[in-house]
Amino acid sequence: MEVGLYGGAFDPPHNGHVAVAQAAKQRFGLPRLVVLVTGAPGHKDVYASPELRLELARAAFPDDDVRLDPYARTIDLLRSGEFDDPLFVIGADQFADFLEWQEPDAVLALARIAVATRPGFPQERLEGVLRKLEHPERVVFFDLEPNPVASRDVRAVAAAGKPLDGLVPPAVAELIEERGLYRPDLTSASRGYTASDSDEGH
């Protein structure tokens, strides 16, 4: 039984994240999807604590195995041996930067990569990455309808105290409202924390 892995900061998880997960499960017939919430992503700031983001992700992906990812890099996760040749689901933007990951060819030796592509994304960027990989055949692509929402947009709407309808799953919107997350008028303890770019991610 093939296991799918789908990771991210999920700060917060939004409808675009959910669409990627659903499309991957349908396209590849995944019996199990493990959603990995990055504890301290080195490549970006996060505004809510790992525990809060885990709670939000569990609300967004109620049918999946949602857990904190204790590893700073993907290669460390894969070398832990917990997953046997999983299908690692990422977006086209992430794959365009795949050569900058720690040991990309080693990652590809331990996991196949499923890349969600959207209409209009420059194919030459994807093909340029494929040409430099030792085993490009272990990369598969699947189409996804465009969804322009981004976590930073959700945070901005939440900060303004506006409804999050259409941006995040209802259960996520309810948690954000209940906890007052991403509101600048609340204390940092209420809305989470900011992590620094101290470590390299991926």
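Good morning. Eight aromatic pairs are counted here, a pair being two rings of Phe, Tyr or Trp (its six-membered ring) with centres within 6.5 Å. Planes under 30 degrees apart count as stacked, over 60 as edge-to-face and the rest as tilted. Phe10 and Phe61 form an edge-to-face pair, because their ring centres are 5.6 Å apart and their planes stand at 70°.

The basis is a predicted model: local features need pLDDT of at least 70, side-chain atom pairs count only at pLDDT 80 or more, and totals for chains, interfaces and linings use all residues. Residues are numbered from 1 along each chain as its sequence is written, and side-chain values use heavy atoms, with hydrogens and water left out.

Phe10 is buried at 2% relative accessibility, and Phe61 is buried at 2%; buried means under 20% relative accessible area, exposed over 50%, and partly exposed in between (1.4 Å probe, protein chains only). Elsewhere, one aromatic cluster consists of Phe88, Phe95, Phe98, Trp101 and Phe141.

Arg73 is partly exposed, at 30% relative accessibility. Its C-alpha atom is separated by 9.7 Å from that of Glu103, 30 residues apart along the chain.
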